[in-house]
Structures are given as structure tokens and as C-alpha cells.
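Please examine the sequence and the three-dimensional structure shown below. The paragraphs that follow lead through it step by step.

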Amino acid sequence: MKKKIKVLIVDDSFLFRETLSREISGDIGIEVVGTAENPFVARDKILEFAPDVVILDIEMPKMDGIAFLRKLIPQYPVPVIVISSAEQNIRNVLKAGAVNFVAKPNNKALMNSFINEIITKIKIASIAKVKVNISDRIIAIGASTGGTDAIACIIKALPKEMPGILIVQHMPPMFTRMFAERLNKLGKFDVKEAQNGDMVGQGKILVAAGGYHMALVKKPSGYQVSCYKGKTVSSHCPSVDVLFDSVAKTAGDKAIGVLLTGMGSDGAKGLLNMRKEGAFTIGQDEKTSIVYGMPMVAFNIGAVVKQSPLDKIPQEICNYISLKL
């Protein structure tokens, strides 16, 4: 049996939401998995139901549909059909990332043709590819005890099209260089021990050097790292918290944070700051962690959006930035 297309309806009118939900559910190929009265409720329901298509009204309170689209598409590239009574919005909504537009009917006589049109466009949208620019994305990974093998497992599984990756693994000097060389031999990515001023970019991985903190900074030429000696933070240098805090401030909702196996709590507060800035955050689960310390603290303080076993983390990353594993 063919899988139904899961649809989420976002409109501030209760009557319109209910009418549209009832009418399009009459098609055997469509299932309305939820409705939302504003973009803030919509965001939670998108994460909860993972719809195949979103129907979005433009004129809404709290945040208009175009502003929501601009925030939504880079984080969750779902096909969106915009409905609006103002046709002058067409160019703006398509530029913001919508895949199609339907004019909202202004009288009951037009309702049947509107429903037929939107059902057709839902079916087309469900197979549309939503392109996302990943050049300004950042993936930040932190780990301690057991982390070298965990990180290698993730890097081996990721496709070469990944955005720039920054890694803090608790290790003394010299060993971080050897670890970077080990990852580089995997062949997919250009991996090196980070030096102050190194550029961050697609297909590149920078590993923080032992004894040096690594922070992300934004320059006119793009993302760079600042590497410096300093006091221990969360009992470590390099510190995962230092990296994650800088990524939260610099990349905000364009970042993905991953906290892996390790003793203590380094990285938990930084991961929470990343989540507060809109980043997607992943914590390794207890079963696959050698030491369920750092990811446990992060989970307990609400820093983790998705807790996952180690072998599923690459897929979670790829799903979030809409890349095939």
C-alpha cells in the first residue's frame, strides 16, 4: 500500500484550518497529521510529526509566514505550499523557499477549485527537492573518554559533502596531531590539527590541538578558528564548552552540536547555549557511550534536542541538513 503524504496546516483561522483539513483528508493519498495557529506552534509540530508537506498562510500574528519560511528552510528543508489572499507575495515566498503558491479563496464559490488545486500541488510538492545552502553551516563535535573511536565512526559514515567540522577531543599535545592524521587517512575529508587563523569550510575538519582552546570566529572572508593557550575551562584545555559557546555566538541556528562519550560535564553548558540559539543538538545515548558522563549531563539540563546511539548519529546529521548518507 502506498504511503500517505503527511501534511501540516499552519493558519491563524481555526475555521479555515478545520475546513481545509477535512477537505484535503478526503483524498486517500493525503493524511493531515496536525494543524498550527502560528509559526511557533508549527515549529514544534514539524519536529514532532515530520510532515512531508507544510501548507502555510502568510498573514499570521506573532511572525509572518515569509519570516517563518526564512527561518524554517535552512533548519528543516520541508516542501512548503504558501496560501495567501495577496498575490503580490508570490515572488517573495518563492524566494524565501516555498515550492508553490495558492491564492486563498475569497468566497465559498471558489472553495472547490481551491481544494482541487491544493491537493494537486500537495502531491507535486511531496516529491520536490528543497535545496539548502550548507556553505554557512558548522558541525561542532566534543568528546573525551572513548571519543577517538566514536568520532572516527561518525566521520567514516558521513558523506564528503559535509559542511566544516570542528572537533575537540580531550587529549594532550602531540596526540591530537596523531589523531587528526588518523582521521585524514580515512580519505573523505581534509583533516588537520587546528592552527590559529585556519579557515573552516566544506569538506574540512579541524581538530583542536592539545593545550590550546579552539573557538569559532566570523571574518569577512568566512569562518575561521581562533586557537590560543589559556586556563582550563570545565577542567580541560582544549575545552568543549569553549568551542560550543563560540559556535553558539557565531553560527547560531546554522550549527549542529554533537556531544559524545566522556567523563565529567565539559560541553554540556555549551551545548545548552547552542540549543538556545537555535542549533540542532545531539547527545550520544547511554548504551553506546564508553562513559555516559558529558552527554548525560547535557541531556539532564535540557541541552539535547535528539539523543541517539552512536551508529545513528551520522544519519541524524544528514537528515537535518538534507543530505543523503
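In which sense do strand E1 and E2 pair, and over how many bridges? Strand E1, formed by residues 5–10, pairs with E2 in the parallel sense, and the pairing extends over six bridges. Within this pairing, Val10 stands opposite Ala36 of E2. It should be kept in mind throughout that the model is predicted.

These two strands belong to an open sheet of five strands, whose order is E2-E1-E3-E4-E5 and whose pairing is parallel. The edges of the sheet are formed by strand E2 (30–36) and strand E5 (100–103), each of which pairs on one side only. From one strand to the next, the twist averages 25°. Helix H2, comprising residues 39–49, packs on the sheet and touches E1, E2 and strand E3 (53–57). The direction of helix H2 makes about 170° with that of E1.

Attention now turns to the loops. Met174 lies in the loop that connects strand E7 (164–169) with helix H7 (175–184). Its phi is near 80°, a positive value in a residue other than glycine. Is Met174 buried or exposed, or does it fall in between? Met174 has a relative accessibility of 44% and therefore counts as partly exposed, since that class covers values between 20% and 50%.

The loop between strand E11 (222–228) and helix H8 (240–251) contains Pro238. The peptide bond that leads from Cys237 to Pro238 is cis, with omega near 10°. Ser234 is placed in the loop between E11 and H8 as well, and its phi, near 55°, is a positive value in a residue other than glycine. With a relative accessibility of 33%, Ser234 counts as partly exposed.

At the start of H8, a side-chain oxygen of Ser239 reaches to within 3.1 Å of the backbone nitrogen of Asp241. H8 has twelve residues and spans 16 Å from its first C-alpha to its last, close to the 16 Å expected at 1.5 Å a residue. Why can H8 be described as largely enclosed by the rest of the structure? Nine of its twelve residues are buried, so the helix is largely enclosed by the rest of the structure. Here, buried means under 20% relative accessible area. Among the buried residues of H8 are Val240, Val242, Leu243, Phe244 and Val247; Asp241 and Ser246 are buried too. Just after H8, Gly252 takes a positive phi of about 55°.

Technical notes:
Residues are numbered from 1 along each chain as its sequence is written. This is a predicted model: local features need pLDDT of at least 70, side-chain atom pairs count only at pLDDT 80 or more; totals for chains, interfaces and linings use all residues. Side-chain values use heavy atoms; hydrogens and water are left out. Two strands pair if DSSP finds at least two bridges between them. Helices (H or I, at least four residues) and strands (E, at least two) are DSSP runs, numbered from the N terminus. Axes are lines fitted to C-alpha atoms, for helices over the stretch in contact, and angles run from 0 to 180 degrees between N-to-C directions. Contact means heavy atoms within 4.5 Å. Buried means under 20% relative accessible area, exposed over 50%, partly exposed in between (1.4 Å probe, protein chains only). The expected span of a helix is 1.5 Å times one less than its number of residues. A polar contact is a pair of N or O atoms within 3.5 Å; within protein, one must be able to donate a hydrogen and the other to accept it, and residues adjacent in sequence count only if both atoms are side-chain atoms.
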